[in-house]
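Please open the structure in your viewer and keep the sequence beside it.

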Amino acid sequence: MAALAQLPPLPPQFKSIQHHLRTAQEHDKRDPVVAYYCRLYAMQTGMKIDSKTPECRKFLSKLMDQLEALKKQLGDNEAITQEIVGCAHLENYALKMFLYADNEDRAGRFHKNMIKSFYTASLLIDVITVFGELTDENVKHRKYARWKATYIHNCLKNGETPQAGPVGIEEDNDIEENEEAGATSLPTQPPQPSSSSVFDPSNIPSGSYTGIQIPPGAHAPANTPAEVPHGAGVTSNPIQPSPQTVPAIDPALFSTVSQGDVRLTPEDFARAQKYCKYAGSALQYEDVSTAVQNLQKALKLLTTGRE
């Protein structure tokens, strides 16, 4: 992929999108689709923050040039031309980034790769908002990933051992966010351990994803896809397939014929298509369970009009 023109210095008003732009740069070669949508999110958010002052207008103009160049380079890529495919691609990538970090956390392996993956996952979930409102599940993943990145970073910085797994965060203690301004503020102090240090993702070396190995479908909820992030820097050691438990299939689905009085809305067709895309993505990584469950959901929706 041809190199993109350099952006001018980031105006102070756009501080909240600096890490989304950095993530875009890190993915220009690893996954250009992710890079494109990170810039699109930054563009949309920047327009909401300040599109009038000269320095901001100049920055947004150059960012728009990058977006147009990327779109031209990606050509007929379905993840760019079809929103439903693009949304699924981004959700897949963010989920797998999250699951890698979560697996490392639960195993008690605390390191910069894992912290960066948690934080990057939260940024990518921000980016998913270019397609509309986030699901409740994505909101929870974003909050948890951002909190975990801060918590583990502060523990390691203070020479303390983090507690593995989902501990210490309270559902009522929401991280302050300003969606309209695109703010991605982090909690200044996680519940434990007490610390005045603040997590700064800039301290993590750019592109430090070496050694990441993501098992297909691990922890993945039944309604989410599975796709391992592509690209350089990911260890190529083969992952040995493990026995998978295939979910029980409703026998009624084998003989189900669409009822004549079932009227499907455009939203129903869109949801069914999304389930099929998720299933196809899961099969690319041999996640049979997720594929079967999504196909069953699509079939039930198309034949009954209900989920």
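A residue is called buried when its relative accessible area is under 20%, exposed when it is over 50%, and partly exposed in between, using a 1.4 Å probe and protein chains only. By this criterion, 47% of the 307 residues of the protein chain count as buried. The model is predicted, so local features need pLDDT of at least 70 and side-chain atom pairs count only at pLDDT 80 or more, while totals for chains, interfaces and linings use all residues. Residues are numbered from 1 along each chain as its sequence is written, and side-chain values use heavy atoms, with hydrogens and water left out.

**The whole chain**

Display the protein chain as a cartoon: nine helices and zero strands are present. Helices (H or I, at least four residues) and strands (E, at least two) are DSSP runs, numbered from the N terminus.

**Helix α1**

Select residues 18–26. Seven of the nine residues of this helix, α1, are buried, so the rest of the structure largely encloses it. The buried ones are H19, H20, L21, R22, T23, A24 and E26. They pack against α2 (32–49), α3 (54–74) and α6 (112–127).

**Helix α3**

Next, select α3, in which C56, F59, L60, L63, Q66, L67, L70 and L74 are buried. These residues lie on the same side of α3, because they cover an arc of only 115° around the axis; the arc is that of the directions from the helix axis to the C-beta atoms. Their cover includes α1, α2 and α4 (78–81). Which exposed residues does the face turned away from the buried side carry? On that face of α3 are P54, R57, K58 and K72. Just after α3, select G75, which takes a positive phi of about 55°.

**The aromatic rings**

Eight aromatic pairs are found in the whole structure. Rings of Phe, Tyr and Trp (its six-membered ring) pair if their centres lie within 6.5 Å; planes under 30 degrees apart count as stacked, over 60 as edge-to-face and the rest as tilted. Select F98 and F118: this pair is edge-to-face, with 5.8 Å from centre to centre and 75° between the planes. F98 belongs to helix α5 (residues 83–106) and F118 to helix α6, 20 residues apart. F118 counts as buried, at 0% relative accessibility. Y144 lies in helix α7 (residues 136–157) and F118 in helix α6, so the pair ties together parts 26 residues apart in sequence. Finally, select F98, F118, Y144, W147 and Y151 together, a cluster linked by ring pairs.

Conventions. Contact means heavy atoms within 4.5 Å.
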